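Student: Hey, can we walk through this one together? I'd like to start with the big picture and then zoom in.

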Amino acid sequence: MPGLTIGDSLPNLKVDTTHGPINLHDYVGNNFTIIFSHPGDFTPVCTTELGAMAAYADKFAERGVKLLGLSCDDVPSHKEWIKDIEAYNNGKKVTYPIAADPNRDIIKQLNMVDPDEKDPSGQIVPSRALHIVGPDKKIKLSFLYPSSTGRNMDEVVRALDSLLKASKHKIATPANWKEGEAVVIAPSVTNVEAKQMFPNGFETAKLPSNKDYLRFTHV
Ligand code: BEZ
């Protein structure tokens, strides 16, 4: 059975967090929300990742995006670990909640299990999974990294900016796109529609096929 993936609805689970119990759908509310998991508390890469998320929290808040971390250990353990994360990150506060999952029910339902890692007691642990959930509670994008590879938060912001733009306009973002650069017009949009939809105009790449599918604009 494939696990939770893009297009699927986020299960509306009740979760214990460092900010108290939450329901996932209530937490998402009308916001895009990033839910990101970590193999375990007091582990080195996770400490850098949660610190990096804390450092980027203002960038996500500016975009109206909420954050929810997850690690399998319990809430008291998370609260102790946060002291290390903040100290390592020059005192930058971890302002987002971190969910606990001591029974490993949540990570199974959110497709966040690392098949190759176990904790010292032999229990499954989370991979470095990251889901971006839309206000409609559907998964819009997922990253799935193994324990050995810490994530690049600039890429999370870049992908988020692409999603936010594509949620407002009929566009997509090309390879290595960065905020401020040209975007491409979605293939479903005709040239006639594009002239009305994109007041900045658009440029069509000249290709050997003479097909006019690669159209750049700015939104
Ligand atoms: C880490 O966060 O450093 C880590 C956790 C589990 C396995 C490997 C690395």
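Predicted model: local features only at pLDDT ≥ 70, side-chain atom pairs only at ≥ 80, totals over all residues.

Student: Okay. How many helices and strands does the protein have?

Tutor: There are 6 helices and 13 strands.

Student: And what does the C-alpha trace span along its principal axes?

Tutor: About 60 × 40 × 35 Å.

Student: Now the ligand. Where does the ligand sit?

Tutor: You'll find the ligand in the largest pocket.

Student: Which residues are around the ligand?

Tutor: The shell consists of Pro39, Thr43, Pro44, Val45, Cys46, Glu117, Arg128 and Ser147. Sorted by class, that shell has 4 nonpolar, 2 polar and 2 charged residues.

Student: Which helix gives the largest share of the shell?

Tutor: That's helix H2, which covers residues 44-62 and supplies 3 residues of the shell.

Student: What about Thr43, how far is its side chain from an oxygen atom of the ligand?

Tutor: An N or O atom in the Thr43 side chain is 3.0 Å from a ligand oxygen. With Pro44 the backbone takes part: one of its N or O atoms lies 3.3 Å from an oxygen atom of the ligand. Cys46 also uses a backbone N or O atom, at 3.0 Å from an oxygen of the ligand.

Student: And how much of the ligand's accessible area does the protein cover?

Tutor: The protein covers 77% of the 260 Å² that the ligand has on its own.

Student: Switching topic! Where is Asp119?

Tutor: Asp119 is in the loop between strand E6 (113-118) and strand E7 (124-126).

Student: Is Asp119 buried or exposed?

Tutor: Asp119 counts as buried, because its relative accessible area is 18% and the cut-off for buried is under 20%.

Student: Which side chain does Asp119 have a polar contact with?

Tutor: Its partner is the side chain of Ser121, with a polar contact of 2.8 Å.

Student: Last one, Val157. Which helix is Val157 in, and is Val157 buried or exposed?

Tutor: Val157 belongs to helix H5, residues 153-168. Its relative accessible area is 8%, so Val157 is buried.

Student: How far apart are Val157 and Ala182 in sequence and in space?

Tutor: They are 25 residues apart in sequence, and their C-alpha atoms are 17 Å apart in space.

Definitions and conventions:
Residues numbered from 1 in each chain as written. Heavy atoms only, no water. Near = heavy atom within 4 Å. Polar contact = N/O pair within 3.5 Å; in protein donor to acceptor, adjacent residues only side chain to side chain. Areas by Shrake-Rupley, 256 points an atom, 1.4 Å probe, with all protein chains shown as cover. 1 Å grid on protein atoms, 1.4 Å probe; cavity = no way out; pocket = protein on both sides within 12 Å on 5 of 7 lines; lining within 4 Å. Sits in = over half its atoms within 2 Å of the grid points. Helix = DSSP H or I, 4+ residues; strand = E, 2+ residues; numbered from the N terminus. Nonpolar A, V, L, I, M, F, W, Y, C, P; charged D, E, K, R; others polar. Buried < 20%, exposed > 50% of the residue type's maximum accessible area, 1.4 Å probe, protein only.
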